[in-house]
Amino acid sequence: MNTASTFSRRVGWMSVLLALLCSVAFSQSRTIRGKVTDARDNTPLPGVTVKIVNATTGTVTGADGAYSISVPSASSRLEFSFIGYETLTLPAGASGTLDVGLPLSSKNLEDVVVVGYGTLKKKEITNAVTSLRPENFNAGVARSPLDLIQGKVPGLSITRANGTNPNGGATFQMRGITSLNGSQEPLIVIDGVPGGNLDLLQQEDIASVDVLRDGSAAAIYGTRGNGGVILITTKKGRGGAPQFNLATFVQRDYVAKKPRFLTADEFRKIAPNADEGGNTDVYDMLLNKDNLSQYYTLSATGGNEKSNYRAAVYYNKGEGIAKRNYRDQYGGRINVNQTGVNGRLVLQSNLSVNFNKADLLGGNNGDFEQAVQRNPTSPLMKDGKYVNPNGFNVYNPIARLEQELYYRDQQTLQGDAKLSFEVIKDLRASVFGGITRNTYNDRQFRTKDSKSSVDSYEGRGYAYKGNYLSLDKTLDVTLDYFKRIDKHQVTAVAGYSYFNSTYETFNMNNSGFLTDGFQDWNMGNGLFLREGKAGMGSYKAEHSLVAFFARANYAFNDKYFAQAIFRYEGSTRFGKDNKWAKFPSISAGWNLHEEHFIKSTGWVDQLKLRVGYGETGNSGFANYNSLTLMSTGGAYPLDGRYPETVGLSRNPNPRLGWETKSEWNFGLDFSLFNNRLGGSFDVYRRTTGALLGNYDVPLPSNVNDKMWYNLGSIRNKGFEIVLNAVPVQKRNFTYSTDITFNRQNNTMTKISGPGYRIEMLTFGGLPSPGNLGPAIRVVEGSALGNFYGKRFAGFTAEGDFLFYKKDGSTGKAGDIKEEDLSVIGNGVPKMMISWNNNLRYKNWDLTMFWRGKLGVDLLNLQDMYFGNRSWLPNNLLKVALTKHAQVKVPPQYSDYYLEPGGFVKLDNVTIGYKFPVKSGVIRQLRAYVSGRNLATITKYSGLDPELQDNGMTTGIDNRGFYPRTRSFTVGINLGF
Amino acid sequence: MQKKHIVLGLTSLLFGGASCTNLDEKVYSELVADNYYKNRTEVMTAVLRPFTHANAWASPTGQVGYWRVSELSGDQLAWPQKGIHGFDGGQWIRLHNHTWTVDDDVVWNPWRLMYWGLGFCNSTIGDLQKVDFTKIGMTEADKVSIIAETKVLRAWHYLRLMDLYGNIPIVTEVGVPAQPKVAPRKEVWEFIEKEIRENVEQLQPLGPSMAGRVSKAAGYAMLSELYLNAQKWAGVTKWDECVAVCNKIINGEGGSLKGAAPALETDIMKPFNNVNHNSPENLFQIAYNFTLGKFRFGWNGDLWHYEQRQAYNATERGNNGIVVIPTAFDAFADNDLRKKQWMLIDTLKKHPSVRASEADSVVMATEEYKNKPLVFVKEIRRNSEGETGAGGMTRGEENSGARFSKYLPGAKDDAEYWNNDFVLYRLAEIILNKAEAIMRKNGGAANAEAVALVNSVRQRAFKSTDWPSAAYTTATLTLDELLAERGREFIFEGKRRQDLIRFGKFTTATWWDHAATSAKAELFPIPGRQIRLNPNLEQHEGYK
């Protein structure tokens, strides 16, 4: 007798049913045997329910996918069902053998969606949730796991301000900006561990990514739900024949667009006085043109239905387009599951580690700023030594790469385990514990003759070591309940959650070494320590969250759905008079396609209306902001010694609380014409309030001019559309396409309180030289991301800028007053769009992925500073002599330097071929070639219109940058 | 049975966990105020905090504070635009032209920094009054003296705030009231006088252990300033009171850093050098010690050219900001040693230790004159483009204007490298204050006593051969001449705006490219952002 062998509540419930079914004895007539496999790759599927239609008899497949069942007659029909796959009903037939290949569920309605502290069936979902499986991921190779879903989740903006730097990160933002100073990114939950570290995820390890886009879904995560929630589930062991999967690729990056600065000869012509006789192109010298990234991963799964495992190891060398700019990493992931006590006790555990070594020296934005502005006639070396020019903001970036070291050695680990027990029928109790531990050692060294050493350390070298350790601990205790009576179905979860996070740092630096040869490996040798000039520091901080939560789902007749969530949560970060927050949500769904009047049309497969309201919060801000803290502020003589003085470092706020968000979401899901056309539409309106800021307070009588308090609100509203279609579906040729589109706007609805107001919030301070003030200004009632400044009106005969004044007359920069300034643009894209195309012809497949952001202005600081003749004797961009030839004065900030920044990119083209394998050993073999960032359609004249557009400082193309690249990849996936 | 155990286990975990709801914040690397003031060191480190904070606003160390607005709005120093450098949103030009707005940083930041320091004083006074000194190994006398010192220090913050802003709120307790009202300037003046008068006699006399602290001498010096400006600030004349406190200082009643009474240095560099905590001329200073405290009077940022450090064999860079206005440079006679020693002009020579060879003696320019010697010129104009005439605030180049050389840090291998104190009051000022009070009481005319006082300060700036023609007489020492002489003596010391206002010149005079402005400019407005937060703050006339 078999029992179901999975931890999931639903399957657990089914196992009870099966146990009942199987316990019924019946007469022998004939036996059908066979094997159930995955129709895609012929891997055996264990645990598939096989039952006789209109009978109570059934069984499940074993580890090898095999089953046998007695049927009354050859005309009996067998139903094969398994979560995530189509349910097939087939006649038993006379042969006695029936092998079945189950296709993946195309409707996906039976798909399990991870919604936090449990799962729901897709059809039960009443919120704005995007659920992605590997087949939905972006084709080709991902630099970071979330690149896999870039453009796939409507409303989720993923931006890499540092391009393809292997040590650069991405920023994420869901449905616009929801915080000024707190965390703005979605909460990332890996296998139930909140705040999971993305370094631990490898593309091949990800089983699903589920994104809770609206507040009615995210409320279950309470004070961490404002930015949305991204739930990542890794692949698990599954019983059956042992399997290996090998994936590997190599990749090379090429510069997509080089900035057009003056060559040495061109420079000489316009600045003969600055001619130093040389001819260098530092930009070229900073590039690692032979960069080659490689990746290898091997995974193995096996076991049986009661005990199974999956293990994966990987090695990855990521080389950037810049020199001294790599990341070398390896690690692994192990998943072990076991079911016992008659299927009632389930243990599931994961352990993943990542070891990486990164060279953080190169790829520096400042190096490439130097590459553009450096005098190209200035020699890099003289008499066999590097020349380090004097002057404001100039250095020799090639010398820096040769004379300095900066390495990071990092280890990250996540371990989690869940023990779950069916206490009584329909009720399971679970304990889940997880830790994420992240630690790194940094080392830096600068030779005695390096610029840094000469400038700041008396030419006596410099060495630094720093450690960082963070440890996050999560403990969840939950009770799950599931009951179906007739047409009524209730699914509920309730629990307690504890989260604790600490981090600590230690660092030291010394100087005055006997020799450069020690590098940083003999720190005590430096004389600065003896001379009292060495540095040392350490720090530790801690915070905790405690929560009680519950979620209940009710379904009637698979037609009407309702969900309610409540979370009661406290944070150590909140002020002592305001420790606990409440987060309710309620939502409902109506499966119209189950109604007769829709069903009768015959071409509507799915039509569902959803409505949800949810409240979430944000506690993602710094620790200790509510306390009366004192800090040191410089040494002063006392009794012949010089102790650090101590004073109040902040105004305390015992009422300090969380940011709040309330959000309405209306949604529609549809699927038509036999699932050939489907999609969803969501419209939302959210208000984030009690925005935390270090705002001004009356001074006096406060000690500090600012205090952390909750004030102000932002409103985001918009809509999101997903469309997917299969225009061609033939035996040898299919074409499927999907489009994601969203439009949103963000308004600062309030930054005032009773009797007082904050006039403006400013962002994007323009750099030195010039210090032209903040580029972005937000006032009450304005859009977020507004560029605020002077309006260009032309040039004087002398090449000075003229600007419009309020009364329509014009004047030079010195004549322009505050009242003459106005909103001159906006750096937050209003629309995001992506368009994916998949074509399959026989064994060939082709993916073309387009992605874009529209409705945005960009401030071109490279033109503003380098495209100006007054930047001499530094080098100029060619545009200084062409497009901006009229400018004869130092830069002024105005709409003259704003450009439309909308773009559409051909982000990815992948061609793959699946080899027909006949070998008994090899299960599958696919090879592919991928190109990334192949073409950009834009009016923007700068290097790349894809700039930082998340957060409050948006749309500014800074002087320093990381080169934009085009990448080509060749890879193989092998299963055996 | 087994089942029951598991159920029990899970249930107890659930409830065991539920008791874990403690949300107190655990602090590791910060200090929590409730646990402070446990011994003398802790008490004193809090008492000393406003002194190190004054570094931010009273001295030229890189922030927009009292020093910058007092110098850059006056007729001696300016921060002109130099090509692509130094425009800084136009704020220095507006400060120079007296066209600041209520939301300008030059209006807001001095307020912010000074009231912040004042808040440290209020917080310390409030906290210390609750501490039982006998329990932490100190005496009641210590308590009286320390609280008196902090109160006088607070009064000095009020003095400086009142100087810039006129009518300001008087607050003596942290957080009370939440939205204070402004007090008329006269009331503020009276509060300051009362606070200093009530506490000055409890202060310690100045001596080596009180260097950088509010001693009796410092308290008297504050009163001297308060009385000298009483006519402007409070509408009352206090010439006799001014002379009286000046005499107390001169007679040594306030103590001295060296000897029985303060004394003028004969070497004009000595009040400012890197061992100036010993100078008998100095009465109150911000005490820095880079060697022992890693806390340094960092004037390099505001006042040095990018490469000026090569002239000293120093390691810190400059931002090439503030320079001497041509007319102020010309206000010194060529034989005035203060012109030669306190300012840099012409070719900047490298310190011998940073020369690669004998020939390598000149600091090279990096901007308009890149790869040429750095030669400071007194004009602020585009000489590289052939400009002639007076120049202007937007016409500067990297070498424009004479530069600051009054304080010198020493070379990086000097044992006292960067140990200079920033002098807030020195005897020379007290002597000139006394002379001015005498003259003003005398209807603006100098008498022999006034002339002798001024000459006593001036004489050391001239070679003995030059002195007979440089010395003042009762005929030559007019009030205008006294203002000019104060300018020469106190250039770079953050006192110019107050002097120009007291002499009625700040808004009426013209200098270099600066035209006369309107009377409202004698006060900075109350910062706009504070008015919007606190409806009880009333803006000054002219800024409403």
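Two strands are said to pair if DSSP finds at least two bridges between them. Strands here are DSSP runs of E with at least two residues, and they are numbered from the N terminus. With that in hand, here are my notes.

1. **What you are looking at.** This is a predicted model, in which local features need pLDDT of at least 70 and side-chain atom pairs count only at pLDDT 80 or more, while totals for chains, interfaces and linings use all residues. Residues are numbered from 1 along each chain as its sequence is written, and chains are lettered from A and ligands numbered from 1 in the order in which they are written.

2. **Confidence.** The model comes with an ipTM of 0.93 and a pTM of 0.88. A contact means that the C-beta atoms of two residues, placed from the backbone, lie within 7 Å. Where pLDDT is low, the predicted coordinates should not be read in detail.

3. S39(A), residues 733-750, is joined to S38(A), residues 713-729, by 15 bridges, and the two run antiparallel. They form a hairpin with three residues between them. To find your way along this pairing, look for Ile714(A), which stands opposite Met748(A). S39(A) also pairs with S49(A), residues 831-841, in the antiparallel sense over eleven bridges. Here Phe741(A) has Ile833(A) as its bridge partner. Strands of a sheet pair through backbone hydrogen bonds, either parallel or antiparallel.

4. **A three-stranded sheet in chain A.** Further along, an open sheet has the order S45-S46-S47, with antiparallel pairing. Its edge strands are S45 (792-795) and S47 (810-811), each of which pairs on one side only. S46(A), residues 801-804, meets S47(A) over two bridges, and Tyr804(A) stands opposite Thr810(A).

5. **Where the chains meet.** Chain A gives 71 residues to the contact and chain B gives 80. On the chain A side there are 37 nonpolar, 23 polar and eleven charged residues; Ala, Val, Leu, Ile, Met, Phe, Trp, Tyr, Cys and Pro count as nonpolar, Asp, Glu, Lys and Arg as charged, and the others, Gly among them, as polar.

6. **Pairing across the chains.** S32(A), residues 629-635, pairs with S1(B), residues 31-32, in the antiparallel sense over two bridges. In this pairing, Leu629(A) stands opposite Val32(B).

Key
Helix = DSSP H or I, 4+ residues; strand = E, 2+ residues; numbered from the N terminus.
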